[in-house]
Amino acid sequence: MATDYLEITDLTVSFDGFIAVDTVNLTVLKSDLRFLIGPNGAGKTTIIDAISGLVPSTGSIEFAGNHLQGKKVHKIARLGVGRTFQTSTVFEDLTVLQNLDIAAGAHRTPLTLLRRRSAVPEEVTAALETIGLTGQIDTLAGVLSHGQKQWLEIGMLLVQNAQLLLLDEPVAGMSHDERNATGELLQRISTERTVVIVEHDMDFMRSFAKSVTVLAAGKVLSEGSVAEVQADPRVQAVYLGTAAAAPTGAEI
Amino acid sequence: MGLLGVAGVLALTACGSKVNAAADGGPSSSSSSAAASSGAAKESCVDTSGDSVKIGFLNSLSGTMAISEKTVQESLTMAADEINAAGGVLGKQLEVIKEDGASEPATFAEKADKLIQSDCVAAVFGGWTSSSRKAMLPVFEGNDALLYYPVQYEGLESSKNIFYTGATTNQQILPALDYLKEQGVTSLFLVGSDYVFPQTANKEIKAWAAENGMEIKGEEYVPLASGADFSTIITKVKDSGAGAVFNTLNGDANVSFFKEYKNVGLSADTMPVVSVSIAEEEVAGVGVENLVGQLTAWNYYQTLDTPANQKFVADFKAKYGEDRVTSDPMEAAYTSLYLWKNTVEKANSFAVADIQANADGVSFEAPEGLVTINGDNHHIAKTALIGKVAEDGLIYTEWESPAPIEPDPYLSTYPWAEGLS
Amino acid sequence: MKFLTSSRFSAFVPFLLAAVVLFVLAPGILSDFRLNLLARYLCFAIVAVGIGLAWGSGGMLTLGQGVFFGLGAYAMGLHMKLDDAGPGRAPDYMPPTTDWLPGWIEMFRSGPITIAAIVLLPAAVALVLGLATFKRKVRGAYFAILSQALAAAFALLIIVLGSQSGNYTNGTNGLSNFRSFFGYDLNDPVNQRMLFYLAAGFLLVMVFIARQLRNSRYGELLRACQSSEERVRFLGYDPANVKVVAYVIAAAMAGIGGALFVPIVGIITPMDVGVAPSIAMLIGVAIGGRGTLWGPVIGAVGVAWAQSTLSEQFPAFWTYVQGALFIVVIAFLPGGLASLGSVIRNARGWWDDKRGRPAEPPVAVTDDLKTDVGSRV
Amino acid sequence: MDVVVSQIFTGLSIGSILLLAAIGLALTFGQMGVINMAHGEFIMAGGYTAFVVQGLFENAGVGLLLSIPVAFLVGGLLGVILEMTLLRRMYHRPLDTLLVTYGVSLILQQLAKTIFGTQGKSVETPTWLQGPIELFGFDFPKTRVFVLVLAVVTVVGLSMLLKATSLGRRIRATVQNRQLAECSGISTRSTDRLTFFVGSGLAGIAGVALTQLAPVNASVGQAYIINAFLVVVVGGIGQIKGAVIAAFVLGIGQAALEKIYDASLARILIFVAIVLFLQLRPQGIFNVRTRSLA
């Protein structure tokens, strides 16, 4: 049995006494495309913050046989965990190529780092192809369109060779066509990796999710396929109850 | 590319002269040996063929020392104007080039270099802090040029390229100590800024005290940077029960010191403070009310009753304003220009070597009284004065040495000072 | 012929130009005095190259370069004083009775150790302080304030070492009155000229090193750190390590600048290494363009030259000029003079826009100047 | 025992000066991330205000007390002018504000020299502040007790302002979450300007207090600014109590070290202690801001 999957047990995160994530258990297997949904404040982003080492937590987080808790952010990243953020954070004053090249280079020796890049690394070429930015290789990331920036971020995860991808609202602000393109891209990617997506866009979720976890007030409310979750009365209750506060969630 | 540059440099280094280590192996107590031994001093470019001769004034006009040094430049300017009005030096008018030392030793060195090499001045007048003088010394020795330095200092120096017209320690600090002893003071507390002058002065004071049965109750230094807090130090002073405080603090620190001194309930009656860096110019800044009755040691006060001083004070006020005061370093600067003039006229030459050869015994009826150059150590004989700060912010003489004291920068005539220098 | 039009060659054109100016033109037309002044400015330019790297590329506002400048300078100064004194003797500023010197002074008697110390001492201090702060994610303003406090503490330390237990550094008087530089007589104008060439050579080497670093993958990573440290961290790098390398190199460059300053100027005092000189070292870099390769060099030399010249004519005036430069350049021209062209272009565009349609803000803030508001901790 | 009591008092006294110098910075740095190097010159302006105002009155005590509100206004106005002309356009570049305000500080210093002369000015100590006062069987200088009381009154006043007034609520809301504050209808622009007024005004009060202990001259600001920033760094951003604790801890530490070693060494050791402290708590004693990304 392969060990390269994500296993979270009894995860709890609290800020100054406020419990944001409350004894959450979560298992995401390889080649899954898991969506985390839930109303605002449900703890979705906090969970991926905890996995990537940004906030301290209790319980256990294990990926591919490694315990992630207590490790520093960059060490966790080196174990194959990559993530994106709600607001895109590409290096705006560097070119597309430079952005991807940096993402590919965490394991480079100091000597390689101190040399000039002589050729475009293979994985970067491949990623450029995948995210459709081959033509913009020397464009400054700062002048890319919003959607392109988000693709560039996904491209960076690819060259980083992350096995666990944590994506925080990857299609926010994208056009309909861009969303579909991104969804298909994510589906392709997920065949070989473990992907967890925090999302508010329910159409997008319905179109591309392989499995869904619904969170509310820091706890797991429901889990299963899209159809199973949609049928769950508890989910409906939560979303109806908070319909005024979270209109996007009411669609479910 | 870079390697090429270094290679080029290495190729070029081949032609410079090396110091002959064998001929000049050891250090010398006198720093003047450097220029003498190197023999590579640059040719002077001073031009005395016209009907004017250039001199340089180098004082801090900006930075922390500008407070004090501006006044020195004013009295120098007054002296130059007087000399020019009276026909100049050897019939030549003085053309003054003024430079700003910016309160930075390195700038003093740079500007001294400029005055000598670029402006070709016959002599430079200025400097205040010991560090500015130490910075300029190699420049003047290396170029074999002349500096007239007008401020009292810690002694232990004598360069053939510098004339020191302020007091050395045996003309200011030792008389002050003798005065305190005479007044029946048996113990001292030493307070100073954390730099060379107070450190050296206190070393000498401790040696003197050991010889004269004076007890040293404590010794404290505060950082030169402003903003020092005197609470702890004043507590130590108060608890010591010393007979008097010997104060070698510099600048702003005096304000905080005397305010705190008064506020813990100490006064000139219970524990007098003798200061060696507070002149008329500084009294207002410290606050007269904080200083009244305290003692200072100098060689000149504005209140001196000599004809030369009456003229000096009147002229200065007429030129720069009635509310202005005159002080020891200003007077020493004024005097230094006249001493140079008198030496040039005695030598009948502006050349450095001629001035050095003829300096001994040159005198001037200065505002402080008669002063005379000592040709051996280039200091001048001066009368020591102990003064007391009065309500009007001026300082009045309490005691004076019976005659001008011969300068002894290395304290070589004092047996107890052996091993100090 | 093909080489002449290649980009490799065009990158070397500025080096060639600088070499011609420094090695042919300047010695040809300047008097000994002016050449010595230029040599002094070049020392500050060497420091500026390092600041350009740490601040311009890495976003570390280092307000304490005077410390590293001072470490290099005092290492060199102590060596020269000990060398002048002769074998086994104490320098002339110490009491003649001094017959024993502590090891950390005595080691500067050796030329090779001194040369190593000039680079290693600043580098080591920067390494310790850099790791202590960057590893704990202390950055931005906090780092700037700490580096400034370090400059204040260092100047004080030099004074303390010059007074209390033994006069090791000669306190506020500093080290001066040197006779020789590695055996060469400092009073010989030929040797003064040699020092100029040495400074010029070192400057070109430092710029070359900075250029290689900027163009390398490391340089890109460093700029990425300035852009967003957290993002770099999530890519598997420790930004603290990335930044500390630039900080250490900048410190070593400052040390070299300081070491050359001493024989050229003939004095080093605590006043040259404290808070004010440390900040003054930044203004040239800002004016020339902190994000560029040659901007810091040209800016540093230009400011030092302006200071010498202006203060010759109007002493107190210089303070106003310096203050105004900080305000105008940083607030309105953050890219330095190097960005003047694009700012004017933008301003013109803004003017046209203003007459036509709604405009964008006039001040062009280049992206590499963006600092991290959230990164105050 | 005597030594301990007198040194604790000295420490509190040094701490109260640090606190007065730093409290305004804690406010402006905390809220806007602006590193105002000219804060020291606002302190200087307060000192000169005391000198000028005292000159207008026969009675030194009346002049001194009246100069406190006047200095608050002078400092505050200088701050608002600085905010409106320069800092406003630079909130997205906090590090650059440091250098710009350093330029302002150079110009203000030179301006002070031009107006008031290079020689320092002495502000008279009113008779009721002269000499020592006996407290708990020990003699303490009245001036230091005065500064200590002034610091405590200022801090209490400021925290009441922040807690009880609408301006205070706006300031606290803006410090904690600027976007949210804006959404809930707070004009962060005018809040920023008012904060800067209050913070800079406090520097003016600090300047008046200092006249009782130290000289009034152009460089007085430089003497306190670095230590004031260290207080803010150690105290942490966004909370007054952090600055209060930091100021008194540093003050007492300084006093103790001065007693054991000497003043110069004490300053160096304090710096080392601060770097070590930041190893333990890089965010300072308190920090209300949650660590936000990027």
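Q: What percentage of the residues in chain C are buried?
A: In this predicted model, chain C contains 377 residues. A residue counts as buried when its relative accessible area is under 20%. The share of chain C that is buried is 64%.

Q: How many helices and how many strands does chain C have?
A: Of the contacts in chain C with a separation of 6 or more, 77% join residues 24 or more positions apart. The secondary structure of this chain consists of four strands and 15 helices.

Q: How far apart are the end C-alpha atoms of residues 113-134 of chain C?
A: An unreviewed UniProt entry lists residues 113-134 of chain C among the spans with the feature "transmembrane region". In the model this span is 100% helix and 0% strand. Its end C-alpha atoms are separated by 30 Å.

Q: How far apart are the end C-alpha atoms of residues 244-268 of chain C?
A: Residues 244-268 are also included in the "transmembrane region" feature of the unreviewed UniProt entry. The model assigns 88% of the span to helix and 8% to strand. The distance between the end C-alpha atoms is 27 Å.

Q: What area is buried between chain C and chain D?
A: The contact involves 52 residues of chain C and 51 residues of chain D. Carbon and sulfur atoms give 74% of the buried area. The total is about 4,600 Å².

Q: Which residues form the salt bridge between chain C and chain D?
A: The count of salt bridges between these two chains is one. A salt bridge needs a side-chain nitrogen of Lys or Arg within 4 Å of a carboxyl oxygen of Asp or Glu. At 3.1 Å from N to O, the pair is D:Asp96 and C:Arg290.

Q: Which helix of chain C gives the most residues to the side that touches chain D?
A: There are seven residue pairs in polar contact between chain C and chain D, both residues at pLDDT 80 or more. Several helices of chain C each supply at least two residues to this side, including helix 6 (111-134) and helix 12 (275-288). The most, 14 residues, come from helix 7.

Q: What area do chain D and chain B bury between them?
A: Here 38 residues of chain D are in contact with 36 residues of chain B. Carbon and sulfur atoms hold 43% of the buried area. Chain D and chain B bury about 2,700 Å².

Q: Which residue of chain D forms a salt bridge with B:Asp229?
A: The rule finds three salt bridges across the interface of chain D and chain B. In the one with B:Asp229, the closest N and O atoms are 3.1 Å apart. The partner is D:Arg144.

How values were computed. Residues numbered from 1 in each chain as written. Chains lettered and ligands numbered in written order. Predicted model: local features only at pLDDT ≥ 70, side-chain atom pairs only at ≥ 80, totals over all residues. Heavy atoms only, no water. Contact = heavy atoms within 4.5 Å. Buried area = accessible area lost by both parts, 1.4 Å probe. UniProt positions renumbered as here; feature names shortened; annotations may be inferred. Buried < 20%, exposed > 50% of the residue type's maximum accessible area, 1.4 Å probe, protein only. Polar contact = N/O pair within 3.5 Å; in protein donor to acceptor, adjacent residues only side chain to side chain.
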